[in-house]
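Hi,

Here's the structure I said I'd pass along. Have a look at it first, then read on for what turned up.

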Amino acid sequence: MNAAANATPRPRILVVDDEQQILRALRVILREAGFEPLPASTAEEALDVAAIQRPDAAIIDLLLPDLDGVELARRLREWTDMPLIVLSAVGEEDAKVRALAAGADDYVTKPFGPRELVARLQANLRRIAPEREEAEVRVDGLEVDLARRAVRVQGEEVHLTPTEFDLLRLLVRNRGRLMTHRDLLVSVWGPGYGDDTQVLRAHIANLRRKIEPPEGRRYIRTDPGVGYRFAA
């Protein structure tokens with residue numbers, strides 16, 4: 001048998017940067033470290049590559065010609081749990097906070113050391129190794145398509161508002177885990193809404209009405225005074 005057939009596939013890393021010199025350097029660094037780079041020069045190209053080739057992680061430049069790197073991280077995070085590392089010449093704390101709040105796992109400032117970048121990438125890949133990301137979650141009669149932002153109950157599509165979908169996505173991606181009121185409010189609405197439990201309760205009530213049959217499965221469980229969890 002060919003030895004290559006038994007070789008472990010190289011982890012695929014989406015690399016997004018509009019500076020060709022940096023893109024070439026990253027490709028060399030990643031190949032030498034045992035990864036398969038998937039280069040992209042724009043955010044739109046990166047989204048296409050991510051959807052088709054399903055990379056294991058992404059390294060994203062903060063400043064892209066068509067879309068802010070933070071917004072790209074946010075869009076990817078809507079449907080994938082792969083590690084996202086933002087690479088930027090902007091070292092200010094506000095920029096780092098924006099990237100991390102959008103779902104990035106790490107932030108590396110240019111100029112960077114190749115060994116440090118590879119070490120951070122490997123650490124983030126180890127963190128998610130036991131569990132692969134899902135593009136779709138199915139629980140009994142409920143189907144949540146994270147990539148297409150679509151929800152079906154017993155095969156029938158259900159219309160959710162963008163906020164309701166963001167809330168459901170957060171719950172299903174953490175199914176079985178208790179999410180506190182503050183966790184949900186800050187993640188979906190932002191830091192300014194951390195204590196607005198009335199807003200959260202209203203949206204949970206609407207979400208339950210749309211996805212839970214009157215006398216059927218209860219997907220969203222309440223921990224009184226603490227938060228909510230999605231049934232595992």
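**The parallel pair**

Valine 16 stands across from alanine 40 in E2. Keep in mind that this is a predicted model. The pairing in question joins strand E1 (residues 12–16) to strand E2 (residues 36–40), which run parallel and share five bridges. Between them comes helix H2 (residues 20–32), and E1, H2 and E2 together make a β-α-β unit that is right-handed.

**The antiparallel sheet**

Further along there's an open sheet of three strands, ordered E10-E12-E11, with antiparallel pairing. Its edges are strand E10 (179–180) and strand E11 (220–223), each of which pairs on one side only. E11 and strand E12 (residues 227–230) are joined by four bridges, in the antiparallel sense. Helix H9 (residues 197–211) lies across E11 and E12, at about 150 degrees to E11.

**A pocket for you**

What lines the second largest pocket? Leu47, Ala51, Arg54, Arg75, Glu78, Trp79, Ala135 and Ala147 do. Sorted by class, that makes five nonpolar and three charged residues, with no polar ones. The space in this pocket comes to about 190 Å³.

Cheers

Definitions and conventions: Residues are numbered from 1 along each chain as its sequence is written. This is a predicted model: local features need pLDDT of at least 70, side-chain atom pairs count only at pLDDT 80 or more; totals for chains, interfaces and linings use all residues. Side-chain values use heavy atoms; hydrogens and water are left out. Two strands pair if DSSP finds at least two bridges between them. Helices (H or I, at least four residues) and strands (E, at least two) are DSSP runs, numbered from the N terminus. Contact means heavy atoms within 4.5 Å. Axes are lines fitted to C-alpha atoms, for helices over the stretch in contact, and angles run from 0 to 180 degrees between N-to-C directions. On a 1 Å grid over the protein atoms alone, a cavity is a set of points where a 1.4 Å probe fits but cannot get out, and a pocket is an open set with protein on both sides within 12 Å along at least five of seven lines; lining residues have an atom within 4 Å of a point. Grid points are joined across faces, edges and corners, and a volume is the space filled by probe spheres set on the points. Ala, Val, Leu, Ile, Met, Phe, Trp, Tyr, Cys and Pro count as nonpolar, Asp, Glu, Lys and Arg as charged, and the others, Gly among them, as polar. A crossover is right-handed if, with the strands pointing away from the viewer, the path from the first strand over the helix to the second runs clockwise.
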